[in-house]
Amino acid sequence: MTVLDPLPVFGATAAIVQIGIIACVILRVILTRHPPGSSFAWILLTTLLPYFGFILYLLFGERPIGQIRAKRFRLVLQQWKQLAKHKLTPTGPLPSNLARHRTLIHLATRMANLPATSGNKVELLSSADATFASIVHDIEHAKESIDLEFYIWAEGGYADHVAAALLRAKKRGIRIRILVDDFGARNFLKSATYNLLQSEGIAISTAMPMRFLRFFGLQRGDLRLHRKTVVIDHRIGYTGSLNMIDPHTYDVANTVGPWVDAMVRLTGPAVRSLETTFLVDWAIQPDGDPSDLQQLKQNLIEQPGEATIVAVPSGPYGSKEPNLHLLLESINAARFSITITTPYFVPNEVLATALLNAAYRGVKITLIVPAVADSSAVTWAARRYFDDLLSAGIRILLYHGGLLHTKSIAVDDEYALFGTVNFDNRSLHLNFEMMLLIFDREFIDNINKLHLSYAEKCSPVDPDLWYHRPLIERLKEGASYLISPLL
């Protein structure tokens, strides 16, 4: 009887498994719509390092949000589309000042599955002090309901003031729901504040919980709920860049300075769009309740102002990338000026090219970014783009007053994009985000004033000095640029 040598058998088995892994990844990449560069990178990585490449592809190759959430989202999607068809404001032709922007507005509403709303009042809150004071005031006067969703919730300072106001509101009989990201709010979810809020009957749910082995085709660990939203009594809404943290006491403040954020306070029909997005986010959680979408009021809403607003949520639950389309169309439509503030400037090549094209057309572009971000890799990756931007005449300002965290774009003194979306792949392709397209003369004036206040704390990047920077800096930029899709 011949005894088989186990080593050749093991080697043959391993070879077959490796070939199978490579074949499966290649087929999956071919059948899944990836950018060509990304597709070749995954195929090359898996071919050279089959097991490592296979695990990385499971972790980061696609955007699964989990089977339970995907199933729930399919159920609520039809309700969402029905809500999108409902006119929250009286129908009629666009005002003359918006007529030339009709294609941008149409693109935004189609990407968002939410309607354009007119008659809104939008107030820019340019500091954390003003924002938290306003939120606490509105919570104290709530009559019916309070819904909040945040990426980060951290104990201390202003956040404790909000928690105390929520406890007082709960004792008045107000229904309160809080949705926080499982990663961003991980310390809060273990805190005494969390236990106290729950013990008083406040409903708290976690978005995208991070669980061991969830990456096996079920859920990616780096898909995060990045929205920051407050909706009170169906009539007051907040969104913007500010997390539920005190910017002066948060840990990052010790290294890069206080976070510098801005929010908007909305009243009018646009609040219904924020509320719809929150209800969808709440409904797709395993312990969420989709019935609220069916009960959402369909009547016309009071119109306290003159702003026209389209809310554009985005996330990894479809093939569309709404805010990427919105940014591209806004840049391409610019005629005179664009001012951008973002903490993380790591654009894909399409966005970078759009900015260069706009500059070559003669559009005056100003980019305001932190001098130092809370991620060294992001800081260096962003600077990889400076050569081309400077050569095209784009003005780059480095902010020295802390971690500039505001995400805003002003175009031609006519409209603005404002919300939670960073100029990076993570915001545009992976995370759950919210951006507002805002047409309002007073708001544009205020956002321009805010940009000017930021510019006063900036130093401009001098092209001549930049082109002669040390080789070691260029190497850091190039290395960080290679991993920029993961930043």
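Trainee: At what angle do the axes of helix 6 (residues 128-140) and helix 7 cross, and within what distance do they come?

Mentor: The general idea is that two packed helices are described by the angle between their axes and the distance between the axes. Keep in mind that this is a predicted model. Here the axes of helix 6 and helix 7 cross at roughly 5 degrees and come within 9 Å. Angles under 35 degrees count as roughly parallel, so helix 6 is roughly parallel to helix 7.

Trainee: Which residues meet there?

Mentor: From helix 6 you get Ala128, Asp129, Phe132, Val136, Ile139 and Glu140.

Trainee: Now for helix 7 and helix 8: what are the angle and the distance between their axes?

Mentor: Helix 7 (residues 158-171) packs with helix 8 (residues 192-199) at an angle of about 15 degrees, and their axes are 10 Å apart. Helix 7 is therefore roughly parallel to helix 8. As for handedness, helix 7 passes helix 8 in a left-handed crossing.

Trainee: And which residues make that contact?

Mentor: Look for Asp160, Ala163 and Leu167 on helix 7, with Thr193, Leu196 and Leu197 on helix 8. That set splits into four nonpolar, one polar and one charged.

Trainee: Where does His234 sit, and what is its phi?

Mentor: His234 is in the loop between strand 5 (229-232) and strand 6 (236-240). Its phi is also positive, about 65 degrees, although His234 is not a glycine.

Trainee: Zooming out, how many helices and strands does the chain have?

Mentor: The protein chain has 19 helices and 19 strands. Of its 487 residues, 56% are buried. It exposes about 21800 Å², with carbon and sulfur atoms supplying 59% of that. Finally, take the contacts with a separation of 6 or more: 82% of them join residues 24 or more positions apart.

Note on methods
Residues are numbered from 1 along each chain as its sequence is written. This is a predicted model: local features need pLDDT of at least 70, side-chain atom pairs count only at pLDDT 80 or more; totals for chains, interfaces and linings use all residues. Side-chain values use heavy atoms; hydrogens and water are left out. Axes are lines fitted to C-alpha atoms, for helices over the stretch in contact, and angles run from 0 to 180 degrees between N-to-C directions. Helices (H or I, at least four residues) and strands (E, at least two) are DSSP runs, numbered from the N terminus. Angles under 35 degrees count as roughly parallel, over 145 as roughly antiparallel, 65 to 115 as roughly perpendicular and the rest as oblique. A crossing is left-handed if the near helix is turned anticlockwise from the far one by less than a right angle, and right-handed if clockwise. Contact means heavy atoms within 4.5 Å. Ala, Val, Leu, Ile, Met, Phe, Trp, Tyr, Cys and Pro count as nonpolar, Asp, Glu, Lys and Arg as charged, and the others, Gly among them, as polar. Buried means under 20% relative accessible area, exposed over 50%, partly exposed in between (1.4 Å probe, protein chains only). Accessible areas come from the Shrake-Rupley method with a 1.4 Å probe; for residues, only the protein chains shown count as cover.
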